[in-house]
Amino acid sequence: YNNNQLVINNDIYVTHSNLIDFSLTNDPSCYYYINSNNNIFFKNNSTQIAFDFSEKAIKIESYNYSVLNKFIVLTNNNKLYYYDNSSFNLITIDGTIIDCATGETHTIVLTTTGVWSFGSDLNNQTYKKGYQTTYIDESLIQITRVNKIVLLDGIKIVKVKAYGNSSAVID
């Protein structure tokens, strides 16, 4: 992001004053962004889609696998939502949200009460996190499992990052 332009691989994709945040996908021509009016957009080479969202978005993180239209968004009143192709779903976590990150199939959230990991337990039976990339009948299983990462308690974490099947924290 430079001079009010979102530049990807030397191509200018968005020219907008006061672009608040953006999130790339695994397809270099597809991305999400939040404009100065706190509206959320998806854009690729030929299409721009505005999302109907009544809150003021301030941060967006997309899941970096091939399924588009799945992302999380943080609002100005510290609410975190997961968008699942059709609707925004509130994610309830203890504490004030400081940072959040999405990997290929999992979410990490840093709050004033600690670091949280969540998703379904189908992708990774050991760590119980991740969103399944294929269709699952949600009535048969517990899709969301929120886990506080207690090994990080007592360590001052300032930022979380995720990509692919990995996560990292910075102290």
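**Entry 1: Glu55 and its partner**

I began with Glu55, which has a relative accessibility of 19% and therefore counts as buried, since the cut-off for that word is under 20%. The model I am reading is a predicted one, and I keep that in mind for each entry below. I then looked up what the side chain of Glu55 meets, and I found a salt bridge with Lys79, at 3.9 Å from N to O. Glu55 sits in the loop between β6 (48-50) and β7, while Lys79 sits in the loop between β8 and β9, so the pair ties together parts that are 24 residues apart in sequence. Lys79 has a relative accessibility of 31%, and I therefore noted this residue as partly exposed.

**Entry 2: the other salt bridges**

I searched the whole structure and noted four salt bridges. As background for this search, I wrote down that side chains of opposite charge can pair when their charged atoms come close. Which residues are linked in a network of salt bridges? I listed Lys59, Glu61, Asp99 and Lys159.

I followed Asp99 in particular, a residue that is buried with a relative accessible area of 5%. Asp99 forms a salt bridge with Lys59, where the closest N and O atoms are 3.0 Å apart. Because Asp99 belongs to strand β11 (residues 97-102) and Lys59 to strand β7, this pair ties together parts that are 40 residues apart in sequence.

Lys159 lies in strand β15 (residues 159-163) and Asp99 in β11, so here the parts tied together are 60 residues apart in sequence. Lys159 is partly exposed, with a relative accessible area of 30%.

What does Phe53 contact, once its neighbours within four places in sequence are left aside? I wrote down Ile40, Val73, Thr75, Tyr81 and Phe88.

**Entry 4**

I traced an open sheet of four strands, which run in the order β7-β8-β9-β10 with antiparallel pairing. At its edges stand β7 and β10 (88-91), each with a single partner strand, so one side of each is left without a neighbour in the sheet. From one strand to the next, the twist averages 25 degrees.

**Entry 3: the whole chain**

Last, I noted the totals for the chain, whose secondary structure comes to 16 strands and zero helices. Of its 171 residues, 42% are buried. The accessible surface comes to about 9,300 Å², and 46% of this belongs to carbon and sulfur atoms. Among the contacts between residues at least 6 apart in sequence, I noted that 36% join residues at least 24 apart.

Key: Residues numbered from 1 in each chain as written. Predicted model: local features only at pLDDT ≥ 70, side-chain atom pairs only at ≥ 80, totals over all residues. Heavy atoms only, no water. Helix = DSSP H or I, 4+ residues; strand = E, 2+ residues; numbered from the N terminus. Buried < 20%, exposed > 50% of the residue type's maximum accessible area, 1.4 Å probe, protein only. Contact = heavy atoms within 4.5 Å. Areas by Shrake-Rupley, 256 points an atom, 1.4 Å probe, with all protein chains shown as cover. Pairing = 2+ DSSP bridges. Axes fitted to C-alpha atoms, helices over the stretch in contact; angles between N-to-C directions.
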